[in-house]
Amino acid sequence: MKLRLIIAALFLSVNVIAQTDKETLKTIYSQSLTNGKAYQWLDHLSNQIGGRLSGSVNAEKAVQYTKTELQKLGLDKVWLQEVIVPKWERGEKEVGYFTTLGKQVNVNICALGGSVATPNNGLKAKVVEVKSFEELAKLGTSVKGKIVFFNGAMNPELIHTFEAYGGCSKQRYAGAYEAGKLGAVGVIVRSLNLRQDNLPHTGSMGYLDLPNNQRIPSAAISTNDANALSAALKNDKNLEFYFKQNCKQFDDVLSYNVIGEITGSQFPNEYMVVGGHLDSWDLGDGSHDDGAGVVQSMDVLRLLKESGIKPKRTIRVVLFMNEENGLRGGKKYAEEAKRKNENHVFALESDSGGFTPRGFSFDCSEANLNKVLSWEPLFKPYLIHYFEKGYSGADIGPLKNDNIVLAGLRPDSQRYFDHHHAANDTFDAVNKRELELGAATMTSLIYLFDKYGTSNISDIKEIKN
């Protein structure tokens, strides 16, 4: 009889806790959907400031704006963390065309971030098309004096579009390096976009250890124009391509990570981070990449306060600078955390757009993943079903150790690469309700990990022994 009473009491206790969590999540979602601030903040970042490339005037404006807005929330502390970042400017709008069979065909191109400029009068040369580094290697030095056209497309069969992106992004980043070593004079890269359109998509590229005299200009070409160029090459092997870009790399400059925190009531020396990157590319206004992640992360702290939640652990929002072309902000934050011997137990990043949230991917132990899986019923009413091991985020990656839980918000990604690094990454492409659902979903995960803590590796070892 006594055992039955104990079991009944435990069952009742579990139900009470579950019911409390259910009501708390309901409050969080209600606050976000009826009283959210993320969309308002994004409107200002996108339409009043615009693209925020590291080292630019707009990036500095974004730093000051978000710092002021965090201060308005009445957080326990808001500050700027110095970061030295690269400064690259695009210059005048790029020009590109190819001539075939006596006809000039204009194309849509843009310089890749970090590229050198063409000569002042532009660059014109014959073109060789490849779809992989393996194909380039087989051609060897026969590409000398030519423009290499990397036409490797994202795989449309992959449902997880980030896998498709990862499958060919190396051509964008290292294409000029590989072609430059073989004596090519320029590189044109198919835009990383699953849609067929006329928008070139920029992104970072690097020369690695390539000597200055082998560093060649690199540009992205729209998917429609990549198809047209490829078709033309089949009929005219002597086709010539011309492009002109005026980009320039400057000396590194001072910028900042923007940080705000709510001090934990029980474990103030255990830190939980939520964040996105404040910088963006310059063709659009960076609404999805990563203005959405920035304002969602800011709203997490506001939603905790508005929902009457007093965190046990210290919750920090970190708006990282320079994710796009250097990751200096993420590295600096981790470096300072290590120097101060701060105990980071959890970090969540939003850097996959402001679309409808589907769930999270986790870089963590099995014990912590199982903890998350036990919370699935709490998220089910909000159609959040995806809880799997996987990639978390670039900016929080440097924090990784054996004990921390790293997580990444996973919105529906089918439309993300339509906008990624392109001129149409703009405020009008973001749906207010989807953005607010993402903020609420992030806040809910933060709330649960703060309440129940994480499973420490050392604790697991003790249990096994």
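Predicted model: local features only at pLDDT ≥ 70, side-chain atom pairs only at ≥ 80, totals over all residues.

User: Backbone first, then. Which peptide bond is cis?
Analyst: The peptide bond that runs from D289 to D290 is cis, with its omega near 0 degrees, and D290 itself is placed in helix α7, which covers residues 287-306. As background for reading such cases, most peptide bonds are trans, and most residues other than glycine have a negative phi.

User: And what about phi, which residue other than glycine has a positive value near 60 degrees?
Analyst: That is N341, with a phi near 60 degrees, and its place is in the loop between α8 and β13 (343-349). N322 also has a positive phi, of about 75 degrees, although it is not a glycine, and N322 lies in the loop between β12 (313-320) and α8 (328-339).

User: Is N322 buried or exposed?
Analyst: N322 is buried, because its relative accessible area is 0%. N341, by contrast, counts as exposed, because its relative accessibility is 69%.

User: Switching to helices: at what angle do α2 and α7 pack?
Analyst: Helix α2, residues 38-49, packs with α7 at an angle of about 140 degrees, and their axes are 9 Å apart. That angle makes α2 oblique to α7, and the crossing in which α2 passes α7 is right-handed.

User: Which residues meet there?
Analyst: From α2 the residues are A38, W41, L42, L45 and S46, and in α7 they meet S287, G291, A292, V294, V295, Q296, M298, D299 and R302.

User: How do the axes of α2 and α3 compare, what's the crossing angle?
Analyst: The axes of α2 and helix α3 (residues 57-72) cross at roughly 155 degrees and come within 11 Å. Angles over 145 degrees count as roughly antiparallel, so α2 is described as roughly antiparallel to α3, and α2 passes α3 in a right-handed crossing.

User: What does α2 use to meet α3?
Analyst: On the α2 side there are Q40, W41, H44, L45 and I49, which meet N58, K61, A62, Y65, T66 and E69 in α3. The residues of that contact of α2 with α3 divide into 5 nonpolar, 4 polar and 2 charged.

User: What is F362 in contact with?
Analyst: Leaving aside neighbours within four places in sequence, the contacts of F362 include L369, V372, F387, V405, L406, L445 and F449, as well as E388 and K389.

User: Last one: where does V345 lie, and which residue is it 6.7 Å from?
Analyst: V345 lies in strand β13 and counts as buried, because its relative accessibility is 10%. The residue in question is N403, which is 58 residues from V345 in sequence but 6.7 Å away in space, C-alpha to C-alpha. Beyond its neighbours within four places in sequence, V345 is in contact with E270, Y271, M272, R313, N403, I404, V405 and T454.

Methods
Residues numbered from 1 in each chain as written. Heavy atoms only, no water. Helix = DSSP H or I, 4+ residues; strand = E, 2+ residues; numbered from the N terminus. Buried < 20%, exposed > 50% of the residue type's maximum accessible area, 1.4 Å probe, protein only. Axes fitted to C-alpha atoms, helices over the stretch in contact; angles between N-to-C directions. Parallel < 35°, antiparallel > 145°, perpendicular 65-115°, else oblique. Left-handed = near helix turned anticlockwise from the far one by under 90°. Contact = heavy atoms within 4.5 Å. Nonpolar A, V, L, I, M, F, W, Y, C, P; charged D, E, K, R; others polar.
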